[in-house]
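Let's take a walk through this structure, stopping at a few places along the way. Have the sequence and the 3D view open beside you.

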Amino acid sequence: MSSVINLNDLQRLMYLVQGSLHAYLFISEKLVFPCDLCGLSSRPLREMHLTDLGMRKFQCRFTQSTQKGIRKDRKGGFNVIVINLNDLQWLMYLVQGSLQALFIPNRKVIIDMKNYILLALWLIAFTYSSGQAVEGKVQSFSINAKSLQNTGGENPNRKVSVYLPPGYEGGRERYPVIYYLHGFMGKDSIYASMKNILDEGIRSKKIRPFILVQSDQYTLYEGSFYSNSTLTGNWEEFTAKELVAHIDKNYRTLAKRESRGIAGHSMGGYGAFKIAMLYPDVFSSIYALSPGLLAFVKEFGPNSNSYREAANVKTQDELKKTYYPKVIIAVARAWSPNPNKPPFYCDLPFSYEGDKMIVNQPVLEKWEANMPVYMVDRYADNLRKLKAIKMDWGRNDSPRFPIQIGMLSQRLENLGITHFAEEYIGDHNNKIWARDGRVLNDLLPFFNDYLAFE
């Protein structure tokens, strides 16, 4: 015997084996299936209403139904039951019979009621485990960025990775977008561990379904600092304009500022704050995780050894063996490029004659023009246009982070700009993409509260 289930509005079908067979269906209209599947064949024909309870539990109630919508298999083998699912998102039902095979021709599911060996093999191939929900997907593409044409040897072809939520494929719904900016030495990759956190955020209802975009801003010197440069290209413009336009054109986004958030970690946290401050017409909210280079302090302060060490490096191979000098050169190529000054073609704000430090005032001013602590007075009105601003930092991070983020937070408070600033117990990396970390438990709920989802 067989039954035909009409699934014209089906977006996602997933089966799980858990002793007996469970099935998860994502539907928007109606589902017709045989009563035998639910062990109801001996009961009166009913209409079933189910309420989503996080896809792990369900409630149902049975009400007397008329014969409308009830039909029999052509061979008279069994009755069927019609479930109205106009407002339903997820349906779980227990299959108490046994199935032999599953076919999906022309958007219909045909189930043969004999045994489920072949179906079980099909399930194993998908390697779903008990209780696991439908997952999102990651896509990647490359874009030849007009805004990144440059004379500094940087490749304008940039890879971009996009996380798409469960139900995206085959659906019509539009989604808000979080633009996530990676840190220094990072690239666009959305690793499996990151994707799992994004999936868990949706599964646990910390955030409604959304799209996340991460572009590759790894340069010859390992970071663009999300800034416009006459030497390396206009990375700020690429992020806020060209990339956003491409994503809105090619994906089902809610193409409005109220539905766009920007976030990032370290160098990316710096970039997120700065870009949203400059483009409040594009983004509505910011979450900056441990943002860096907000001001001249500690390891990047004038009395640190970092600038002296950078001045002593003569080749790129030497530079690669360092950290702070490498960051300083990458920043200088972005903020104070000098095409006439090899080997790195940039100027530094501080130089040395013996033990004496010399301040290069014009260069210092260029750097301060790109550091948020010194920028916020000029762009205070732009910041007031944003719906929400949040920054955080780990108590056990490098010394500069709590100091510079505190400086920025105090300046925002003095200007009457509402924001959140929060310290947590952690270092620079260990509480970011962890299950007990900031992305899952703070960043995603933040955007759930402040982005527009319709």
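Contact here means heavy atoms within 4.5 Å. This is a predicted model, so to speak of local features takes a pLDDT of at least 70, side-chain atom pairs count only at pLDDT 80 or more, and totals for chains, interfaces and linings use all residues. Residues are numbered from 1 along each chain as its sequence is written, and side-chain values use heavy atoms, with hydrogens and water left out.

Start with Trp367. Leaving aside residues up to four places away in sequence, Trp367 touches Phe296, Tyr307, Ile328, Val331, Ala332, Trp335, Ser336, Asp347 and Pro349. Along with Phe273 and Phe283, Trp367 has the most contacts inside the largest nonpolar core, a set of 79 residues. Such a core is made of buried Ala, Val, Leu, Ile, Met, Phe, Trp, Tyr and Cys residues joined through side-chain atoms within 4.5 Å; buried means under 20% relative accessible area, with a 1.4 Å probe and protein chains only. Apart from this core lies another, of 26 residues, including Tyr163 and Trp433.

Now look at helix 2, residues 192–203. Helices are DSSP runs of H or I, at least four residues, and strands are runs of E, at least two, numbered from the N terminus. Its buried residues include Met194, Ile197 and Leu198, and strand 11 (137–144) and helix 12 (438–450) are among what covers the buried residues of helix 2. After helix 2 comes Lys205, with a positive phi near 65 degrees.

Last stop: Thr232, in the loop between strand 15 (228–229) and strand 16 (233–234). Thr232 counts as buried because its relative accessibility is 6%.

Technical notes. The expected span of a helix is 1.5 Å times one less than its number of residues. Buried means under 20% relative accessible area, exposed over 50%, partly exposed in between (1.4 Å probe, protein chains only).
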